[in-house]
Amino acid sequence: MKVKAYGKVNLALAVEGLREDHKHDMNMINGRVNCFDELDIQQIDGDSDEIECAGFHLPAQNTLSKTLNLLREHGLKNHYHIDLVKNIPSQAGLGGGSADAAALILALNESEQLNLSLAQMEEIGFQIGADVPCCLHDGFTHVRGAGELVEDLNVDWHIPVLLVQGVKGISTAQAFADFDEREPRELDIDIVQDAVRKHDIGLLFQTMINAFEPQAFEQLVELQELKETMQDAGLVRVVMTGSGSCLMGFSVDEEVLDEAYDQLHKRYPFVFKGVIGSCSQ
């Protein structure tokens, strides 16, 4: 069984405070992006799972192993060999590990007839990672809490995007630690949601925002240089996704996106031209 694990981007990201459980309350407008990892899932005999990923170091406790262990508490009986192909870069703000876990939950819930509801899958996913509940959803979502509260926006819209990551990634844990040392500021997330609901690309370009971006640009000079390079390539809006370090570049002109891709893909390790929105086939 082969499945695709689609990544996510943040069109708006606000950190609204630190909770008693030491998690952060978030307010985000997210979108699925058609950049995906690939999972080849095969049932095997034996009493242990096998997870392989060529060219990529997976720790012993990874999002896929955690997913399998948690699903066994909900009726999963078989063991599996999983070949993972990583196309989504790590420490990019694209939710790669979370996307892998979400895809595995959805696939095994169906194949093993676990009959888990979406709410149950979200609860399991949240134990694996904060972005997993969001990655269980297609299209655009409004995400709150520490990632466990996900609302589908039910918007049929596709936004062309150019994703670019430079050499250095950013640790999510370090990004939150650095953020906690700063003076918080209020960000208007509702206006970004309105732009998505209304398919208003001009308003979206004006209002997209990421609370982590100022500190990331201060810490990594190359991020600011990358943003300027993308703007010089004709992209009218460039915004960071997640805690970084991937930047999203936008234009209403497909030719501009194509030309920017041609200029950038030989200079940087990850450059992907795609779309934000539903990836259902």
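Analyst: Let's begin with Asn-30, a buried residue whose relative accessible area is 0%. Buried here means under 20% relative accessible area, exposed means over 50%, and partly exposed is anything in between (1.4 Å probe, protein chains only). Before going on, please keep in mind that this is a predicted model, in which local features need pLDDT of at least 70 and side-chain atom pairs count only at pLDDT 80 or more, while totals for chains, interfaces and linings use all residues. Residues are numbered from 1 along each chain as its sequence is written, and side-chain values use heavy atoms, with hydrogens and water left out.

Where does Asn-30 lie? Its place is in strand β2. Strands (E, at least two residues) and helices (H or I, at least four) are DSSP runs, numbered from the N terminus. The side chain of Asn-30 makes a polar contact of 2.6 Å with the side chain of Asn-10. Such a contact is a pair of N or O atoms within 3.5 Å; within protein, one must be able to donate a hydrogen and the other to accept it, and residues adjacent in sequence count only if both atoms are side-chain atoms. Leaving aside residues up to four places away in sequence, Asn-30 touches Lys-8, Val-9, Asn-10, Ala-12, Cys-134, Gly-139, Phe-140, Thr-141 and Val-143. Contact means heavy atoms within 4.5 Å.

Rings of Phe, Tyr and Trp (its six-membered ring) pair if their centres lie within 6.5 Å; planes under 30 degrees apart are called stacked, over 60 edge-to-face, and the rest tilted. That rule gives three aromatic pairs. One of them is formed by Tyr-6 and Phe-36, with ring centres 5.5 Å apart and planes at 70 degrees, so this pair is edge-to-face. Tyr-6 belongs to strand β1 (residues 2-18) and Phe-36 to strand β2 (residues 24-44), so the pair ties together parts that are 30 residues apart in sequence. Tyr-6 is buried at 11% relative accessibility, whereas Phe-36, with 23%, is partly exposed.

Phe-205 and Phe-250 make a tilted pair, at 5.7 Å centre to centre with 45 degrees between the planes. This pair links distant parts of the chain, since Phe-205 is in helix α7 (residues 201-207) and Phe-250 in strand β10 (residues 246-250), 45 residues apart. Both Phe-205 and Phe-250 are buried.

The charged end of Lys-86 sits over the ring of Phe-56, 5.7 Å from its centre. The rule asks for NZ of Lys or CZ of Arg within 6 Å of the ring centre and within 35 degrees of the ring normal.

Two strands pair if DSSP finds at least two bridges between them. Between β7 and strand β11 (residues 270-276), which run antiparallel, there are seven bridges, and Val-164 stands opposite Val-271 in β11. β7 and β10 also run antiparallel, joined by four bridges; Gln-165 has Cys-246 in β10 as its bridge partner.

Now for some helices. In α3 (residues 118-128), the buried residues are Met-121, Glu-122, Ile-124, Gly-125, Phe-126 and Ile-128. Their cover includes α1 (63-72), α2 (96-111), α4 (132-135) and β6 (149-152). Helix α8 (residues 213-219) holds Ala-216, which is buried at 4% relative accessibility. Apart from residues up to four places away in sequence, Ala-216 touches Ile-170, Leu-223 and Met-240.

Glu-186 gives a contrast: it sits in the loop between α5 (172-180) and α6 (190-197) and is exposed, at 83% relative accessible area.

Finally, step back to the whole chain. It has ten helices and eleven strands. Of its 281 residues, 53% count as buried. Among contacts between residues at least 6 apart in sequence, 73% join residues at least 24 apart.
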